[in-house]
Amino acid sequence: MKNILVTGGAGFIGSHLVRLLVSKYPNYQIINLDLLTYAGNLENLVEVQNKSNYHFVKGDICDHELVKEVFQKYQVDTVIHLAAESHVDRSIKDPFSFAKTNVLGTLSLLQGAKQVWGNNLNNKLFYHISTDEVYGTLGKSGFFTENTSYDPHSPYSASKASSDHFVRSFYDTYNLPIIISNCSNNYGSHQFPEKLIPLFIKNICNNKPLPVYGKGENVRDWLFVNDHARAIDVIFHKGKIGETYNIGGFNEWKNIDLIKVIIKTVDKLLGRPEGASEELITFVTDRAGHDYRYAIDSSKLKNELGWEPSLQFEEGIEKTVKWYLENKDWVDNVTSGNYQKYYQEMYGSQGD
Ligand code: NAD
Ligand code: TDX
């Protein structure tokens with residue numbers, strides 16, 4: 001029996017995790033606390049919304065009184081904390097909201113756990129979900145390990161780094177049982193079309209330009225989102241208190257090469273001639289402070305807890321593209337509202 005508070009469960013990774021936990025563990029109560037910002041969508045959770053072990057609370061993690069109420073009402077013994085502002089480009093335009101949600105929101109949850117749990121810390125866990133971006137950028141070779149020093153460059157990664165430090169400080173100072181994992185770039189269904197892969201699939205379908213930052217030379221390490229959810233499940237059950245685990249797929253792609261794979265896959269599934277949409281590639285002004293390369297060494301997670309990615313990249317990309325093509329209504333729904341304004345402000349005439 002567990003009472004697990006998942007924050008940000010209506011977002012991309014959170015909704016994959018909630019669906020996994022609710023169906024795999026009928027004896028666990030899963031409480032999803034989510035503010036439903038532009039990135040949160042209850043449509044992502046229709047599959048579990050009527051399950052008796054699933055509970056939804058709409059609210060802000062920064063609302064400390066609400067957080068304590070939720071801890072008490074549901075007798076929360078585990079927190080898996082994903083709620084965050086998560087898009088680097090938005091953090092460049094509005095860093096303050098990243099500090100608020102990612103730093104103060106995390107602190108509000110830590111304080112809630114500390115106050116409600118008191119000295120009764122048996123079988124308690126505060127599991128914080130973080131990113132490889134806290135480590136900064138790599139050159140052409142090498143990997144981030146759990147011992148790499150923090151060196152964030154964007155307001156997003158600075159806010160995530162700060163939240164990681166707060167989480168660790170609660171372990172060192174108050175013995176709060178914590179675990180942190182730092183994952184590489186995720187891809188898969190239900191990702192908001194502001195991030196590279198869903199944005200480009202959407203634009204290819206609509207014959208719109210594909211805004212590639214700089215020369216498209218930057219490198220990211222891509223992991224299928226279901227594999228991240230599986231890793232969280234493993235770490236939550238078998239991870240050691242106080243430890244950090246890196247999660248990644250040993251799957252590095254230069255942006256421009258990845259974009260060509262996406263184009264090829266979408267063209268094939270839409271019945272267009274191979275490579276027809278390559279003419280949509282448009283090189284635009286680089287992202288400010290753009291980290292050159294991320295690559296995760298996840299051997300600790302493999303050697304100590306036995307986790308490995310389950311899917312080859314080509315298979316994952318094909319599944320992902322198919323999902324977006326078959327779920328145009330989902331894409332249209334999440335991109336109604338303020339999305340057009342965001343797109344115009346972000347890409348202006350460059351991407352349109
Ligand atoms: P997302 O933007 O898709 O979802 C974030 C969720 O948090 C949304 O449901 C949103 O409504 C909710 N939220 C935002 N502010 C809130 C607040 N103040 N109170 C309550 N809920 C709030 O994000 P994602 O891509 O699913 O990322 C989830 C977590 O994983 C984040 O902490 C992110 O830093 C981390 N992460 C993401 C990736 C990635 O590739 N997407 C990789 C590594 C780590
Ligand atoms: O329009 C674009 N053009 C482009 O060239 C966009 C949106 C992105 N890019 C580039 C920037 C990056 O090098 O593609 C790469 C991937 O960009 P994003 O999808 O925005 O991801 P990234 O900035 O790498 O961060 C992601 O991975 C780590 C998530 O958004 C973070 O939440 C996570 O922590």
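Helix α2 is followed by Gln75, which has a positive phi, near 45°. The model described here is predicted.

Helix α2 spans residues 64–73, and its buried residues are Leu66, Val67, Val70 and Phe71. Viewed down the helix axis, these buried residues fall within an arc of 140°, so they line one face of α2. An α-helix has 3.6 residues a turn, so residues three or four places apart point the same way. The face of α2 turned away from the buried side carries Glu69, Gln72 and Lys73, which are exposed.

Ligand 1 has 28 residues around it, of which Asp34, Asp60, Ser86, Tyr156 and Lys160 come nearest. In the case of Asp60, a polar side-chain atom lies 2.8 Å from a nitrogen atom of ligand 1. Ser86 places a polar side-chain atom 2.7 Å from an oxygen atom of the ligand, and for Tyr156 the distance from a polar side-chain atom to an oxygen atom of ligand 1 is 2.7 Å. On its own, ligand 1 has 840 Å² of accessible area, and the protein covers 96% of it. Two or more residues of the shell come from each of α1 (12–24), β5 (125–131), α5 (155–174) and β7 (185–187). Strand β5 gives the most, with three residues. By residue class, the shell around ligand 1 divides into 13 nonpolar, 12 polar and three charged residues.

Around ligand 2 there are 23 residues, and those that come nearest are Glu133, Tyr156, Arg287, His290 and Tyr347. Polar side-chain atoms approach oxygen atoms of ligand 2 from Asn185, at 2.9 Å, and from Arg287, at 2.6 Å. An N or O atom in the side chain of Arg220 is 2.8 Å from an oxygen atom of ligand 2. Taken alone, ligand 2 exposes 660 Å², of which the protein buries 94%. The elements that give two or more residues to the shell of ligand 2 are α3 (88–93), α6 (196–205) and β8 (210–213). This shell comprises 10 nonpolar, seven polar and six charged residues.

Conventions: Residues numbered from 1 in each chain as written. Chains lettered and ligands numbered in written order. Predicted model: local features only at pLDDT ≥ 70, side-chain atom pairs only at ≥ 80, totals over all residues. Heavy atoms only, no water. Near = heavy atom within 4 Å. Polar contact = N/O pair within 3.5 Å; in protein donor to acceptor, adjacent residues only side chain to side chain. Areas by Shrake-Rupley, 256 points an atom, 1.4 Å probe, with all protein chains shown as cover. Helix = DSSP H or I, 4+ residues; strand = E, 2+ residues; numbered from the N terminus. Nonpolar A, V, L, I, M, F, W, Y, C, P; charged D, E, K, R; others polar. Buried < 20%, exposed > 50% of the residue type's maximum accessible area, 1.4 Å probe, protein only. Arc of directions from axis to C-beta.
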